[in-house]
Amino acid sequence: MARLKNNYRRRHNNHPGKSVSDALPAASARRRSIPSAAGGPYKVIPLGGLNEIGKNCTLIEYNNEILIIDCGFAFPEYEMFGIDLVIPDFTYLKENSEKIKGLIITHGHEDHIGGIPYLLKELNVPVYAPPLAMGLIDHKLEEHGLWCETHVIRAGDIFSIGSFRIEAIQTNHSIADSVAYSIRFLGGHIVHTGDFKVDFAPLDGKVIDLRRFAQLGDEGVDLLLCDSTNVMRNGYTPSEAIVRKSIDEIFDNTDKRIIIATFSSNVHRIKYFMEASMKHNRCIAVSGKSMEKVLTLARELGYLNNIPDSLFIRINDIRNVPDKSLTILTTGSQGEPMSALTRMANDQHKSVKLKADDVVVFSSSPIPGNEKVISQVVNQLYEKNVKVVLASAMDVHVSGHASSEELKLIHSLVRPRFFMPVHGEKRHLVEHSLLAQSLGQQSSTIFVMNNGDALVINGRKARLTKGFTSGDDVMVDGYGVGDIGNSVLRERKNLSQSGLVTIAVALDTATGSLMAVPEMRTIGLVYEQEHKDFLDEALSIVYNTIGKCAEAGSLDEQSLSKAIKSDMKGYIYRMTKRSPVIIPIILYV
Ligand SMILES: [Zn+2]
Ligand SMILES: [Zn+2]
């Protein structure tokens, strides 16, 4: 089937078709006065992204129509043994599939697009996304063998999905093509900031459209959903321009190889690394699959137009390049075990053997939870006498999220009737609520919610329904989606902490007598060779248990298995203070 792809390039001020306000009251009447209760109630239902940084997904339901904003995944928590990733629970969407009109994406980070393949496996939903996000989504769909109707959206576009009139607004963030959305319908007007910061000197020159936020505020916004990630940082998040200065300083002051690890999706920053390399007559080698993938996409989209092909060299061919003429761009800024930088640090990389005085730049900050693995890689680099440049010591990275003063600016411009902090852990959401209150917003109009709650707004009234639908984590493990629950996780935790014991017993079906010596194996419990006594005694306990069961006439599989488990559990705990998973295997021959 051919892919349908529409480009909406129309600016709101020369929109040839129906204006976004056609279906709405006149502008003067709208000023600070919408919504009218005449439109009827609507619900805002977060399925993910609250009390966590990850798997953002919010629904707006109005008049039998549902619009989805973002559909991300979260990385598993430390205790989720073996889980690949975590997605929102789509049960409510599956139950209301006929109402779903579309999915709009704010930008291409995984916590906003990573859940899309899993949603599309269940439901057919048209996806609207900015160019880079759409390129990344295309790759995902290909990988999963999926197809859907897709529409590329650019900042300034106005488009309709069902009866929702949507406008994409330019913002700044740590990935190209990030937008906020204004969503209007008869019931109300919602502004969702997406992930953003206020950068007056972004590397692509496209400054956040504050004027538009102010205009929307003048027209009247009844609900603001706003990024809370950096609410606990005072002041302003520095501009990307400051990274440029630090990078120049590094390039000016070394004639050694420069290896830069960064997030592959920060295309504009990577472009700057390329420009700096070009200026210093260095060629560039790229290592790491995700980096190669995003850079190919960025070239297709024209983001790297001024970077000539001749600047690039294959990573396998770097041997012949003098140190002062080489930059390596790599993945692994988060210490990921299989990433290119980690392999370099471990001496496992096929083409890059680190040398003393190589300069390794971490143009990133640790995502919470990754600190330990990153410091392991950093220590390995120090061991090799590599010069390590970290963001904590030099401005080689800045955050993509607004700090408190930028958040205050957005609140003051948009002046929403109701406010719902999003994209944050509990502390971020609560602090964001306090920030809004410090600007005069009444606490009764602020809703700090949980995933699965619903905010029902009807004109000037808003009411919170707790536990409206499931806001649970759905765990993805290999091909399995949602088939792993807490009991399996408990078993995995147990296995990882105390190991496994199997006991095989063969009985004569007719007489119930033992046909062979029971066989016991342990994994991760004790070193079998050195604990012969322990195992011998364990076996004698198995004999006893079988004898007891034979006397009681309960040699059926279930009773015997239960008895062996219980007796062995007690014995092993007495001897080792450990509680391994015990699996009796009973054979009747
Ligand atoms: Zn983001
Ligand atoms: Zn995000």
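This is a predicted model: local features need pLDDT of at least 70, side-chain atom pairs count only at pLDDT 80 or more; totals for chains, interfaces and linings use all residues.
Residues are numbered from 1 along each chain as its sequence is written, and chains are lettered from A and ligands numbered from 1 in the order in which they are written.

**Entry 1**

Helices (H or I, at least four residues) and strands (E, at least two) are DSSP runs, numbered from the N terminus, and two strands pair if DSSP finds at least two bridges between them. In what order do the strands of the open sheet of five stand? I read the order as 15-16-14-17-18, with parallel pairing. Strand 15 (283-287) and strand 18 (387-389) stand at the edges with a single partner strand each, so one side of each has no neighbour in the sheet. Neighbouring strands of this sheet are turned by 20° against each other on average, direction ignored; for such angles, axes are lines fitted to C-alpha atoms, for helices over the stretch in contact, and angles run from 0 to 180 degrees between N-to-C directions. Helix 7 (residues 241-252) packs on the sheet, where it touches strand 14 (258-262), strand 17 and strand 18, and its direction makes about 175° with that of strand 17.

I then followed the pairs one by one. Strand 17 (residues 359-363) runs parallel to strand 18 and is joined to it by three bridges, with valine 361 opposite valine 389. Strand 14 and strand 16 are parallel and joined by four bridges, while five bridges join strand 15 to strand 16. Threonine 327 in strand 16 has isoleucine 258 opposite it, and isoleucine 284 also stands opposite threonine 327.

A residue is buried if 20 or more other C-beta atoms lie within 10 Å of its own, exposed if 12 or fewer, and partly exposed in between, with C-beta atoms placed from the backbone. Four of the five residues of strand 16 (residues 326-330) are buried, so this strand is largely enclosed by the rest of the structure.

**Entry 2: helix 12**

Which residues of helix 12 (residues 404-414) are buried? I found Glu406, Leu407, Ile410, His411 and Val414. Seen down the helix axis, the buried residues of helix 12 fall within an arc of 140°, so they line one face of the helix; the arc is that of the directions from the helix axis to the C-beta atoms. These buried residues pack against strand 12 (188-192), helix 6 (210-219), strand 13 (223-227) and helix 13 (426-438). Arginine 415 follows helix 12 and has a positive phi, near 40°.

**Entry 3: a hairpin and some loops**

Strand 20 (residues 454-458) and strand 21 (residues 461-465) pair in the antiparallel sense over five bridges, with isoleucine 457 opposite alanine 462. Their hairpin has two residues between the strands, and glycine 459 in it takes a positive phi near 60°.

Asparagine 51 lies in the loop between strand 2 (42-48) and strand 3 (57-62); its phi is positive, near 60°. With 17 other C-beta atoms within 10 Å, asparagine 51 is partly exposed. Asparagine 64, in the loop between strand 3 and strand 4 (65-69), has a phi near 65°. Is asparagine 64 buried or exposed? I count asparagine 64 as exposed, with 11 C-beta neighbours inside 10 Å.

Terms used. Two residues are in contact if their C-beta atoms, placed from the backbone, lie within 7 Å.
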